[in-house]
Amino acid sequence: MANDHEEQRLQSQDLGYDPNFVPDSVKSFVVHLYRHIREKNVYEIHQMYETSFQTLSERLFKDTPWPSVDAVAHYVDNDHVFCLLYREMWFRHLYARLTPTLRQRIDSWDNYCSLFQVVLHGVVNMQLPNQWLWDMVDEFVYQFQSFCQYRAKMKNKTEQEIALLRQFDQAWNVFGVLNFLQALVEKSAIIQILEQEKEGGEQFTATDGYDYNGGSNVLKVLGYFSMVGLLRVHCLLGDYHTGLKCLQPIDISLPGVYTSVIGSHITTIYHYGFANLMLRRYVEAIREFNKILLYIFKTKVYHQKSPQYEQILKKNEQMYALLAISLSLCPQSRLVDETVNSQLREKYGEKMNRMQRYDDEAFAIYDELFSYACPKFITPSAPSFEEPLVNYNQDAYRLQLKLFLYEAKQQQLLSGLRTFLKVYSTISLAKLASYMEVDESTLRTILMTYKHKTHAVDSAGKVISNADVDFYIDDDTIHVVESKPAKRYGDYFLRQIVKLEGVINEMDSIKLE
């Protein structure tokens, strides 16, 4: 172990980085941050965490790590918990700016274990900003995902790396990751707190999770965000049902603590929508994608200086792709706001028209959009360390893609039927069978398939309809029931007023000779 650290120290000196050198600005940063944490000054902690840390990283540590924890520890009374928090930020910066070594990945896992153990079993008397607590959970899941991807690329692994993987086989183990997140949910009693809040007994959401009576918010808020973390991990594993079950205590139809941090808000809805899409609950997916995309459209200007801005834009684009898929499989445009719809048509209008067809080109587009917008699926099990060593990091993704395309193919088969149903209010089975060039018994099978594929089971176990066109059969006659979209005249007029004002302003600015 000591040799490893010695080797790392020598390597880092070659790069012109000395882990023991602490610039004055860093000294000042850790001393002030430590003092604010001890004083529970959440506003100042948030300023230092969000702004000062980013500024110093940009100025002094663009392509090197921050000074080591040993180098700064004596400036903060060797405080154990502060050192764990500093190392958590140290590793997060390393992952963002550089490529971590296997040894560093393992060390980061050890640091999370120590940090979460302290939160779960110690008395943590701190208040930390929600942004920081969200980032902890988010980064914990991200590093797990990154480790699984790294470990699955076995082809070019050195003997030393394989020996380390064998030795530290518990690092980033899927059960360890799930157990920590689950333990934080249980120990924080957050599910009971949210239940009591519904009955008017708690003030968790009203206070954004902060404790204004001198207590600590750390365990409660980490437990809360861990429910989102569990949803994300289960989505990465392809277990959408369990993922949605983990999120159930949070009512996403209302604002909550998860909406107080933009990254948490987007991650929650992205994975919630994706899980619903994969479970054929298209209406629910469309509704939530529409809400979050409208929210990002209205607020992204406020986040331009945020370190999360690029991530916000990326997830925004991915969710437009997922919305295009959802609407192609389940045409429910009445659920989509006019602003979102015009953005969607601009980005994917032409592709969505081609996705309505039943041919290879349509499937190629489904494949392309899904591959672009899906999470980075992982295989959580350890590889075989015997020869031949192969890369299997794409296996989980290929399986999910195959399942999705199989579903898309079945849905596409029904688009021809949907076209005929939209034209008629009543039509005989014989007539429709002749139009579709099948016999009556085959048509009945297709109609039953349509019923099955346009219905799904919701989280409460109820059967719900995703159909924009439904029907019933009476005496060999099909009676079509189409859900009528509510016309939004207000939206139309508001948009025209804005356009007109723009034209008037342009005309006013023209100076006539």
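The model is predicted, so local features need pLDDT of at least 70 and side-chain atom pairs count only at pLDDT 80 or more, whereas totals for chains, interfaces and linings use all residues. Residues are numbered from 1 along each chain as its sequence is written, and side-chain values use heavy atoms, with hydrogens and water left out.

**Exercise 1.** Determine which residues of α17 are buried and what they pack against.

Solution. Begin with the extent: α17 covers residues 360-373, helices being DSSP runs (H or I, at least four residues) numbered from the N terminus. Next, list its buried residues (under 20% relative accessible area, 1.4 Å probe, protein chains only), which are A362, F363, I365, Y366, L369, F370 and A373. Viewed down the axis of α17, these fall within an arc of 155° (taken from the directions from the helix axis to the C-beta atoms), and therefore line one face of the helix. Finally, they pack against α13, α15, α16 and α18, where contact means heavy atoms within 4.5 Å.

**Exercise 2.** Decide whether S226 is buried or exposed, and find what it touches.

Solution. First place S226 in helix α11, residues 218-237. Its relative accessible area is 0%, so S226 is buried. Leaving aside residues up to four places away in sequence, S226 touches V137, L181, L184 and V185.

**Exercise 3.** Locate T101 and classify its accessibility.

Solution. T101 lies in the loop between α5 and α6. With 36% relative accessibility, T101 counts as partly exposed, a class between buried and exposed (over 50%).

Terms used. Helices (H or I, at least four residues) and strands (E, at least two) are DSSP runs, numbered from the N terminus. The expected span of a helix is 1.5 Å times one less than its number of residues.
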